[in-house]
Each structure stands twice: as C-alpha cells, then as structure tokens.
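Take a look at the structure below. The walk-through that follows visits a few selected spots.

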Amino acid sequence: MSDSGAVAPVAASSVAAPPVPAVGRKPGGWVQHIGYAVLGLQFAAFLAWSATLYSHFALTSDFATYAQPWFLIAHGNLDPYSTIATLPFWQNDSEFLLWLVAPFSWLGHGNLPLLWLQDAGVAGAEAVAFTWLCELARRHCQGRNAAWLCAVGLVLLAGNPWIWWAVSFDVHEETLVIVFAVLLAWDLANGRRRAWVWVLPVLAGGAPSATYLAGIGLGGMLAQRRWRSPGAIMVLTGLAYSVVLVLMHGDLGAPLARHYGWLAMANGHVPAVLTFTALVKVMASHPLRVLRTLWDKRLDIVANLAPAGPLGAGMLMVLPLIALIVVENTLSVGYEFAAPLFQSLPIYILLPVGTVAVLARIAARYRWAAPVLGAILVAQTLGWAAVWGPQTAGQWLRVPTATAATLAGIQARIPASAEVIASQGIVGRFAGRAHVYPLSGPVKVPVYGSAWFVITPLAGTEIMSTASAEALIGELAGPFHAQLVTHANGVWAFRWNPTARLHTITVPSGSAPLPAWAAAGHAVIHGPVPAWHVTSTGGEGYVADGLAWQEPPGHYQAQVTLSATRPVNVEVWNDNGNRLLARQTIPATTGVQTVTLAVDATIAYRASTYPGWGPFRADFEPPPPGQRIEVRVWSPGGSTVNVYGAGLSTAHPASQP
C-alpha cells in the first residue's frame, strides 16, 4: 500500500500474520460457526426450492439437455445421443463430469437428484469460500476485526440474489463443477499439493470450466513467486485441454463462432468457423468494438460484480479468473450470458474472498476505513437482495399448481419407450427417455413410431409463440388426426401414431388462422373437429382470449368467426403495451359468420420486463421481437356466444375500411 492510501492488489498471504494469542478461541471463530449454520440453512432451502421447481414441471430444455444423458448413462447407454442438442452428448462441450455423477440417478425420484447435486455443488463452493475468507480474516486481524470481516464475507456470499438465480435455472455444468474450482483456488493459494487433485474434476466440467483452470493458474502466478511454476502448468494445461477439445470436435455444443463470431463479422456475414487465434486477432484489431460491447453491457457487468463485493478484484489470486469470466460472458452475442446467472458463479463465490482479503489489508493500515467500506459493501449486497430476491419465484416458477398436477397425470400415462415432444418451458421433466424434443419454434421434429405431444401455450418459460403452439394443437386434432388424451388447466396432450411414410412433423409458424378452442375459454371439443369452438358461460366477460400473434408493427386485418344471440365486442389488443387497438360491436348473428376489423398496430411498444430499481439494475435477454397482437371476444352476459377461430393478416393502409 502506498503512502497516499491507494489500495494495491493483494495476495492472500502478502501481509505478515500477527502473533496468535497463546490462549483463547480463534478470533472470529464464533462468527464462523454461525456462518456454517447460515449456509447449511441456505443449502436446505436450495433443496426445497429445487423440489418445488421439479414438482411444478418448471424445467426447460436446458434441464433436458443434461437430464436425458444422465438418465441414459445410468441405464447403461455410455454413449448417449442428445436429441435436445442433436449430437452425441460428449460433444456438447465434453462435459464428462455427467458420467461420474450418473449413478446418483439410482437414488430415485426421477431426475430430481440432478438438481440436488447442483445445489450441493453451489453450497459446497460457498462453504469452502467462507472457510477461506475466515482464514484470511484471522491471519491478518485479531479479535473483533476478524469477526466482522468474517461476517462481511458471509453476507456477500449468502445475501447475493444471483446465487439463487443460478440454482433456479435448470442444471448446468458450471454449478456442478464450481466446488472443485473453488477448492483448487483455495489449495493453490495455500501452497498445498492437494490442489492437483481438483484439476481433473474441473476439466471434467468441459470446455467452459477449462478456462477456470487457466484463470486460477494465472492468479497463482501473479499472487506469489513460489506459485508461479504450478500456476503456469495449470494455465498451459487449461489452454492445451481446450485445444484438444476443439481438435476432437468436443466443443460442438457451444463453438466459438456461435458466441463470438459476430466480432469477426465481415460484410454482414458471421464466419462459420472461428479459431481461438483468429478470435484474439479480431479482438486486437478491433479494440473499439470490444470496448463498445463492454460499455453497452455495463449494467450487467456492475450487476454481476456489485453484490459479491467489487473490492475483491484487488486480490491477485482471484483477479484473473474474475476478469476472464466477465470478458467471456460480456462479449458473447446478445445478453444471454452477460446477464447475472449460472455462468458467473465464480464471481459470486470468489469475489467475497478477495473482498475480505483487501479489507483485511486496509484494516491493518487504516483502522476506521475498513469498517466503513465493509458496511457499504454489506448495504449494497442487501440492496441487491431486496430488489431482486423477491423476483426469483416469478422468474422461474411459471407453472401453476393445477397445470403441474395435469402434467404429472400425463407423464404417468406415457410409456418409457414413447417419444415425447413437449413445450420448451416444461420439457425438462419428460427427459428420462431416448427420444425427447422441445417445441421452441417452427422447425421440423423427427418422429419415431408412437409420439406424445404435450403443449402448454401459456405456462412455463416459453420461447415458442402462442400462435405457433395453438396452430400446432389445431393441426394435431385436425389434419394429423392425433388422439386428444387430455385438455385441462392450459395443457393439451395428444397421442399420435404416424403413417410409415411420415418421419417428421413441421411445427407451424402460426401465421394461419387459429382455432379458438386451443386458446383460453370454455372449449367444446366433441363431434367433428371443424365444429369445435369455445362458448360463453352466460356471465359477463371474455368468451375467448389468448388468440395472439407475434408480429412487427404495421397495419393488419383481424378476422373472427363466431355466432352470438346478443351483441358482443370483438377487440384487438397490443399486449406489449396493454393498448386497445380496435373494437367493434357485433350485433346478434344469424348462424356462424366471419367479421373483419382494421387494426392499426404501427406503434411499437416494449414488452414489460423487470429492470430493477435505482442503482440495482440489470439487463436480461429481451423479450421476443415484434408486438404481441391478441384477439378477444367479450360478452355482456345473458347470451350464447360461440367463437370458432381467428386470424390476423397484413393489410395495406389504403385497403382498410
């Protein structure tokens, strides 16, 4: 530290340890015991929360990506093919750790133990980090100073809301391998030979965690002279392993071109293949592009660092890995990886260790400055927790209890050998089979014999448009003559036995007219399919709603086919801005008729997403492009209203009435 008071980056053991009292307890020991109790309670809460997500089917295709091979490996298929990633699973970033933990599938409870393993990995990493930071606090401070430093580290760990978000988002290799990465960093920082034990588990996490090894090794090289040789070997090992994975095509799950090809874009084209050397050259030759991206995503950089204590970047042992994670995630295309989630777990776990190390250094020189800084950091973490913690359930638990109960009943009826094609937001629970596919958009899906379709247009974290889901429901019941097994609580389940000549099914784009009975409302689904409809219940309210399309701003015409014994209102809404675009009162009809409304949807509204508050803001992946245009039919009550379908077509302004 300079005489001016600037805080220089510190290594874990760069400050001489004060004399240890000959008698009495370890300084801060009681806080450490309380900390373990708090982390233990948090671990129990993780387990309960994972069980809740699992029981509610709130698991997407990301969970299915790991749950399917986990299930197949445990049942003897040692080279499983991922129908989610559409490649042999070992090529999905070479995440060989899954082979080592597959036997835990024998514990039963379906694939729930996989979520619990993730919880154990994150909770274990927190416990190791807390032990480490308490060691640093006691090494550099005595008595109360050591105690409050341990307490600050505990708050930065247990109070960080993003750790909850990391364990809520399905399962990912980062959450499984993080405990080994933290053990590696801790042992290397203390000069233990045991550090080498954790190298293989870290590498078993795949291509992403190979960068952990390089970052931790570089931290060791910078922190202490005596760690330079083992640190350099770890850096070279991580880089060499990454090269080997590329050469053996083990990185096909997330190749460089997919995430960083946009940096090398020329003439509007992204290169199909991008090597690490080419990526470095592109970044060196276009530094402004890199800096502009970092600046554009500055909110997420701050959001990732702030709750964990940004002061921790001053510890050289953790600085390289933290910097590497920030750059990797921020430069990836879009906001998916920059947003605070599982991919930034090393920041959330290791930055508090660095913060305690830096505060201890400051406390040794400036008695009152360290507690003030510690209090500010604690207040900041609690602020992030207060703003974002309550959003956790709404973000990840999007399947109502009644819908989950219907899905559980359907799952119990599906044979283990059957293929399942399910909505992206709930497909995770159906992944314990050889053939499972998510419905995520208008694509072709292969069909192998008997297939079950489970569609939830409005439940779960869905990326397929409502129109596409409802159009598929209509085609299954109509042209494909699939057997409707269940329709309840927003769930549609069909069993389909295709002809021998049909090997794929194309999910419709949703541009065609939609069957009203596939959306919200009281469905009448007996007799010939063309006669299916939704009908009024006699009371005031919407007879049909949820007939929605995702379209760009423009002029449209809405067509609604209905019958009514009294006047009803046909309405068109822009759900992004909750704006009524058109309304027409339709008098009582003579039989079934089709009405047309002119729709001016030229004003674009941004879909509402929670951005945070004040200084506690973050950007997440934006909603689907375009405007959600919804058709609704409202009845004043006391009449019979039947709605058969609705459509939305592009119209030139001059052609509108």
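The tour goes from a surface patch to a loop residue and then to a group of strands.

This is a predicted model, in which local features need pLDDT of at least 70, side-chain atom pairs count only at pLDDT 80 or more, and totals for chains, interfaces and linings use all residues. Residues are numbered from 1 along each chain as its sequence is written, and side-chain values use heavy atoms, with hydrogens and water left out.

Start with helix H1, residues 29-55, where Ile34 sits. Helices (H or I, at least four residues) and strands (E, at least two) are DSSP runs, numbered from the N terminus. Ile34 has 44% relative accessibility, so it counts as partly exposed. The scale is this: buried means under 20% relative accessible area, exposed over 50%, and partly exposed in between (1.4 Å probe, protein chains only). Together, Trp30, Ile34 and Val38 make a nonpolar surface patch of about 290 Å². Patches are made of residues with over 30% relative accessible area and no salt bridge; nonpolar side chains (Val, Leu, Ile, Met, Phe, Trp, Tyr) are joined within 5 Å, like charges within 9 Å. A salt bridge is a side-chain nitrogen of Lys or Arg within 4 Å of a carboxyl oxygen of Asp or Glu. Areas come from the Shrake-Rupley method with a 1.4 Å probe; for residues, only the protein chains shown count as cover.

Next comes Asn160. Its place is the loop between helix H5 (143-158) and helix H6 (161-168). Buried or exposed? Asn160 counts as buried because its relative accessibility is 0%. Its side chain reaches the backbone nitrogen of Trp162 at 3.0 Å. Leaving aside residues up to four places away in sequence, Asn160 touches Val155, Pro307, Ala308, Tyr348 and Thr381. Contact means heavy atoms within 4.5 Å.

Now the strands. S15 (residues 568-574) pairs with S16 (residues 579-586) in the antiparallel sense, over seven bridges. Two strands pair if DSSP finds at least two bridges between them. Val570 stands opposite Gln584 in S16, and Glu571 has Arg583 as its bridge partner there. Four residues lie between the strands of this hairpin, in which Asn578 takes a positive phi near 55 degrees.

S15 also pairs with strand S20 (residues 627-635), antiparallel, over six bridges. Here Glu571 stands opposite Arg632. Seven of the seven residues of S15 are buried. Val568, Val570, Val572 and Asn574 cover one side, with Asn569, Glu571 and Trp573 on the other, and all are buried.

Methods:
Polar contact = N/O pair within 3.5 Å; in protein donor to acceptor, adjacent residues only side chain to side chain.
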